[in-house]
Each structure stands twice: as structure tokens, then as C-alpha cells.
Amino acid sequence: MEIKKVCVIGAGTMGNGITQVVAQAGYDTAMVDIKQEFLDRGMNAIKGSLARVVKKGTITQADADKVVARIKTYTDMKAGAGDADYVIEAVFEKAEVKQPVLKQLDEVCLERTIIASNTSSIPISLLSSATKRPQKVVGLHFFNPVPVMKLIEVVKSLTVSEETIATSVALGKSLGKEPVVVKDSPGFIANRIANLAANEALKVLEEGLASAEDIDKVCRLAFNWPMGLLQMTDLVGADVVMDLGESIYKETGWERYKPAPLLKRMVESGYLGNKAGKGIYTMFGPKQ
Ligand SMILES: NC(=O)c1ccc[n+]([C@@H]2O[C@H](COP(=O)([O-])OP(=O)(O)OC[C@H]3O[C@@H](n4cnc5c(N)ncnc54)[C@H](O)[C@@H]3O)[C@@H](O)[C@H]2O)c1
């Protein structure tokens, strides 16, 4: 299936990153959010990200201007998505927010349009049940920061068609990414592994086996990871890590995903990480 126009729903962290890579790949691009100020903020993030690439010399200012010119923004779903060939939803990670968005997309989109969700943990089968086109609903799980991270998990529900999967893989490749097809299972693959490891690092900290810095040093030096798991938890957000663990545990009953008590205490105390200006390193890192 030929794709000319891609519409991204949500102009937040992931939505604006996805919009940028889609426009950079040359597609007619639309970005939809509920308020113009959110769209403006998303466009500013895209311009800032492109400015950094121009500064590095990877693209010229003229190229960056063309990318920005390719993006149109809308607060009306039908205006943005009504003539798109492929739609990628990146709104809040709540089924009660995503399902009505999927339902509305099903109503306003062309019959042939594929609707993808960037969900990190909500089953694609649950989201596709909000539409009358489950064979055309797929997971397209990008990683943060989108312009940098190579992986896309293409999530295959029980009802999605092979054609939808093939088109989604081809789209991912055209964005310069490396798509991996995974089954519709809690946490998919990357988050399932990362969440377990981060939770274990929290338990190691709680048991006092070493300092936060040294636990992260072990991660970096033993596994050659660019950052330790505690630093990653501060970056991603303790609440996000806890919610994901809880949702996998709730769905599967796997005890190992039960959030570490320390993780829960951090969330309750508002130590959510970088976005809150305080996190694991503020509490347990070296004192200034
Ligand atoms: N942040 C990450 O590291 C990350 C990584 C992978 C996947 N994800 C997933 O991507 C999705 C988006 O996450 P995010 O971090 O970008 O969130 P975010 O909070 O930064 O952005 C969400 C955006 O969606 C908009 N929105 C909400 N309801 C809407 C609606 N009905 N119509 C249009 N826009 C609407 C909001 O106004 C907001 O701008 C979530 O499903 C999340 O799990 C996030």
C-alpha cells in the first residue's frame, strides 16, 4: 500500500518526535492535538531538535526549513486525519483516553487507512476493539528520543492483517528505523526486559548492596550500557516505571514485576525523576 500522507495524533514528547521523523522522510505530515498551544509547543520542540542537527552539520538549514514546511497542524481530527493514508496515535497512556481517539479516527479516516498506536503497554486488541477495522489497527512502538532511537516494535494483534504488518514495517524502514515484529503481549519485548531490570536495580539499592552511583557504574561497565538503570529510572520517570510494572503484574500475575517498595515510596513522595526536579539521585546520590 502506498503511503503519501501520515497524520500523528498528539504533539507531546513522542508525537512531536514521530512527526519530525515522518516529515524528514518526505511524507506529507499532519500533527493533531486538542489545543493550538500544545501544537505550537510540539512545533517548537521539532524546530529545536532540527536546529541541533543543523548545528552538527548533518542537514542544512534549507533542509530543516523544508521539513518544517511539510508539517501542518490541526486541532480538528477530521481535518488532519481525514485524508491520511496512515495515522499514528501518541496521546496519553490511558485506555480511557486512547479508545475514544481510536473510535473517532475510525469514523473520520478513509476505509483503507491504517491506524497505529504508540502505546507502551496497552494491548492493541483492546484498542482495536474500539474500531470497526481491527485488521488495520497495529502497534507502532517508537522509543524516546524518536529522532535518535533506531528501534520500532511493530505489535501484531490476533486480528491484524499481514498486509497491515508489512505496510507498517515498510513505513518504519522508510523512516530510517529498524522495525521488529512482536506479539501483542504485556510490555511487548523492550519494556518487559527493561522494567524487570530497573525494578531489580531498585531492590538492590533498597537492600543497600551499593550506592546508587555504584549500582549504575556496574550497569555501565559490566554491560556496556550508556547509562545505569537508576539513572534511566530518573530519566523515564519513577511513576512511568511503576505503572508499567503494575500493569504487567496485573495482567500476568508475574510476581517479579511487582514494583519494588522503594519505587512506590519514591512515587508517593513526588521523587519522580528529572521531570520533577528530584528523583533517585537527589535522594540517594552524592550529597553536594
Ligand atoms: N515518553 C516516552 O518515553 C514514551 C516512549 C514510548 C512510548 N510512549 C507512549 O507514547 C504515548 C505518548 O506519550 P508522551 O510521552 O508523548 O505523552 P505526552 O504527555 O508528552 O503527550 C501526549 C499528548 O497527547 C495529547 N492528547 C491527549 N488527548 C488527546 C486527544 N484526544 N486528541 C489529540 N491529542 C491528545 C496531549 O495534549 C499531549 O500533547 C503514550 O502512549 C506513551 O506510553 C512514550
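**Domains.** I began with the division of the chain, bearing in mind that the model is predicted, and found that the protein is split into domain 1, residues 5-183, and domain 2, residues 191-284. I then looked up the spacing of the two, and their C-alpha centres lie 28 Å apart.

**Where the domains meet.** How many residues of domain 1 are in contact with domain 2? I noted 4 residues of domain 1 in contact with 4 residues of domain 2. The size of an interface is often given as the accessible area lost when the parts come together, so I looked up that value next. Domain 1 and domain 2 bury about 270 Å² between them, and 47% of this area is on carbon and sulfur atoms. On the side of domain 1, I found that Ser120, Ser121 and Pro123 supply 71% of the area buried against domain 2, which is more than any other three residues give. I also looked for salt bridges between domain 1 and domain 2, and the count is 0.

**A cis peptide bond.** In the loop between strand 6 (137-142) and strand 7 (151-156) I came to proline 145. The peptide bond that joins asparagine 144 to proline 145 is cis, with omega at about 0°.

**The second largest pocket.** I left the second largest pocket for the end, and recorded a space of about 430 Å³ in it. Which residues lie nearest its centre? The lining has 18 residues, and of these I listed Gln20, Ser49, Arg52, Pro147 and Val148 as the ones nearest the centre of the second largest pocket. I then sorted the lining of this pocket by element, and noted that helix 1 (13-24) and helix 2 (36-56) each supply at least two of its residues, while helix 1 gives the most, with 6 residues. Sorted by class, the lining of the second largest pocket has 8 nonpolar and 8 polar residues, together with 2 charged ones.

Definitions and conventions. Residues are numbered from 1 along each chain as its sequence is written. This is a predicted model: local features need pLDDT of at least 70, side-chain atom pairs count only at pLDDT 80 or more; totals for chains, interfaces and linings use all residues. Side-chain values use heavy atoms; hydrogens and water are left out. On a 1 Å grid over the protein atoms alone, a cavity is a set of points where a 1.4 Å probe fits but cannot get out, and a pocket is an open set with protein on both sides within 12 Å along at least five of seven lines; lining residues have an atom within 4 Å of a point. Grid points are joined across faces, edges and corners, and a volume is the space filled by probe spheres set on the points. Helices (H or I, at least four residues) and strands (E, at least two) are DSSP runs, numbered from the N terminus. Ala, Val, Leu, Ile, Met, Phe, Trp, Tyr, Cys and Pro count as nonpolar, Asp, Glu, Lys and Arg as charged, and the others, Gly among them, as polar. Domain bounds come from an automatic or database domain assignment. Contact means heavy atoms within 4.5 Å. Buried area is the accessible area (1.4 Å probe) that two parts lose on being put together, summed over both. A salt bridge is a side-chain nitrogen of Lys or Arg within 4 Å of a carboxyl oxygen of Asp or Glu.
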